[in-house]
Amino acid sequence: MKKTLYSINNKFLSVYIIIAFFVLWEIAPKIGWANPHFVPPFSVIVAEARKLTFIQLFVEASVSLKRISIGFTIASLLALPVGFILGGAFPRLENFLKSLLKFLSQIPPFILFPVFVVVFGIGEKGIYTVILWAAFWPIMFTTITGVQSVEPILIKSARSMGANSFTIFYKIIIPGALSSILTGMRTGMTMSFMMLIGAETLGADSGLGWLIHNAQSMGFIPRIYLAAILIAVLGLGVNYIFQWLEENIIIWKEVTHDKAI
Amino acid sequence: MLNVLSKAVDIEPANTGTDKIVIKNINRVFNIKRNNDSKNDFTAIKDVNLNIKAGEFLTIVGPSGCGKSTLLDIIAGLSKPSSGEIYIDNKIITGPALDRGIVLQGYALFPWRTVRHNVEFGLEIKGTGKNERREISTRFIKLVGLEGFEDRYPYELSGGMRQRVAIARALAYDPEVLLMDEPFAAVDAQTRETMQDELLRIWEETKKTIVFVTHSIEEAVGLADRVAIMSANPGYIKEVIDIDLPRPRRIGDIRNSASFSWITHKVWEILQNAQPDIPLKKSSANLAEDISASATI
């Protein structure tokens, strides 16, 4: 009995801290530890959510999710082939381009936003491009790393059994690089969420980022917290999906990493 | 000249066996690009001639760096000789093919495939149907004694078990020649002996031609019909000796026999003579010095 209690306790250990966090959030402004105007109690934020209605929040969240999925999908569709080509087919070209690619990847997408607007016009396309830019680099770099970290002896072994280049690509290179690629996609997704808020403040009239921007300009402080919480929850949820995918696709490795929560 | 040679072959009695693989004047030179020096060619293999008979167990023994793995790669078709020719069944070898199976140093199992799917890899490339693949892989997994482990992934297996999978994988697509590059180097002593006996049993059951590379003299002598002794710098075949130990063998039974000791000692002597540039006496003198130096401390 004591043992089961102990194991249940262990399972919920990480939940306790979150509960404690929200309790502190609720109490701190009320007892004067924080300014209730800038840090409204958690119950005020829940009330704000009710006022805005679930439907509107759902609409804003789904608009943001749609933008992320479009930008992220295009980024993946571009980054994976580029990564495979640079990592596998033309390693010398990769060496040649490496420093330029590293340089480009360091440029935050917002600096390029005016360029995106000029090229793609105002509106959705600019936002997609910001997310594309944010997600493209981690996916491409991890694909290159993944391809290059496939053990040469496995390729040699496949070749000794008469495998041609095409077979080696989809039976050795892809599964060999998959773990690294999925990690890169997860990073790309996290980057997308971080860039989303900024992109939506720059040129949008909907979405969770716009909600924050709008609330900011009108001084609706509880609404800022509400949107921030929603973005965090969404990001965490998507991260979970990727982690689940990784664990269920890469089943040939010993599980060594700790779970997020 | 050629005529005379072919006649000579004709005259030989039939029971010596036909040549499966003929290696003629193979050289392998590696071009090492370092310090922009154009004269940095490294000769890994020099003037190797070797005939491997169908169904025989040939081991190649030599010090590390003598080019034995390079020679095996050339037989496998994974590497091309700089000059010379190599034939299998009188056809010149141009690349890897399913008539030769290779077991590489360090297992080289595909970590994302289960034991069964590792064993089936060559069959997939061959285009064998799914049901037949399953039937064949079941047979070879049984042959190497891994029943019940079909659905395990390589990370769940011990070193010896991984090596068995590698052997089953190389045998599954039914190559006529099995090439093995120090397959038991990474397993512990007990497992190695078990694996050697297993290999002898598999060889007797399947009647494959086996070319086995090792740096262990005991292993080379214990397994082989013939031992090719290589020397280093540049790698060439110093001598090929017949091993007339009784068959079927078990390593444990022959290991303590006088003839086994005598042959291993003979091989050791040939290997020592094959390395004239290593001054034995001087190194032993140094060793003595080292010991005395540490003794004084």
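Q: How many residues are in the largest nonpolar core, and which have the most contacts inside it?
A: This is a predicted model, and its largest nonpolar core has 127 residues. The ones with the most contacts inside that core are A:Ile131, A:Ala135 and B:Val211.

Q: Which helix gives the largest share of this core?
A: That's helix α7 of chain A, residues 124–148, which puts in 15 residues.

Q: And where does the core lie relative to the two domains of chain B?
A: It lies between them, because domain 1 (22–99 + 176–273) and domain 2 (109–174) of chain B both give residues to it.

Q: Back to A:Ala135, what does A:Ala135 touch?
A: Leaving out residues up to four places away in sequence, A:Ala135 touches A:Gly71, A:Phe72 and A:Ala75, plus A:Gly188, A:Met189, A:Met191 and A:Ser192.

Q: What about A:Ser76, which helix is that in?
A: A:Ser76 sits in helix α4 of chain A, residues 54–89.

Q: Buried or exposed, and why?
A: Buried: A:Ser76 has 21 C-beta neighbours inside 10 Å, and the cut-off for buried is 20 or more.

Q: Which residues does A:Ser76 touch?
A: A:Ile139 and A:Met185, again not counting residues up to four places away in sequence.

Q: OK, new topic, the contact between the chains. How many residues does each chain give?
A: Chain B gives 18 residues and chain A gives 14 residues.

Q: Which helix gives the most on the chain B side?
A: Helix α4 of chain B (residues 121–126), with 3 residues on the side that touches chain A.

Q: How do the residues on that side divide into nonpolar, polar and charged?
A: On the side of chain B that touches chain A there are 16 nonpolar residues, 2 polar and no charged.

Q: Now inside chain B. How far apart are the C-alpha centres of its two domains?
A: The centres of domain 1 and domain 2 of chain B lie 25 Å apart. Where the domains meet, 11 residues of domain 1 are in contact with 11 residues of domain 2.

Q: Which helix gives the most to the domain 1 side of that?
A: Helix α7 of chain B, residues 189–206, gives 5 residues to the side of domain 1 that touches domain 2. By type, that domain 1 side has 8 nonpolar residues, 2 polar and 1 charged.

Q: Let's do strands. What's the order in the open sheet of chain B?
A: There are 6 strands, in the order β6-β7-β8-β3-β9-β10, and the pairing is mixed. The edge strands are β6 (100–103) and β10 (236–242), each pairing on one side only.

Q: How much are neighbouring strands turned against each other?
A: On average 20°, with direction ignored.

Q: What joins β9 to β10?
A: In chain B, 6 bridges join strand β9 (residues 226–231) to β10, and the two run antiparallel. One partner pair there is B:Arg226 with B:Asp242, the latter in β10.

Q: Which helix packs on the sheet?
A: Helix α10 of chain B, residues 258–273, touching β3 (57–61), β9 and β10. The direction of α10 makes about 25° with that of β9.

Definitions and conventions: Residues numbered from 1 in each chain as written. Chains lettered and ligands numbered in written order. Predicted model: local features only at pLDDT ≥ 70, side-chain atom pairs only at ≥ 80, totals over all residues. Core = buried A, V, L, I, M, F, W, Y, C linked by C-beta atoms within 7 Å. Buried ≥ 20, exposed ≤ 12 C-beta atoms within 10 Å, placed from the backbone. Helix = DSSP H or I, 4+ residues; strand = E, 2+ residues; numbered from the N terminus. Domains from an automatic or database assignment. Contact = placed C-beta atoms within 7 Å. Nonpolar A, V, L, I, M, F, W, Y, C, P; charged D, E, K, R; others polar. Pairing = 2+ DSSP bridges. Axes fitted to C-alpha atoms, helices over the stretch in contact; angles between N-to-C directions.
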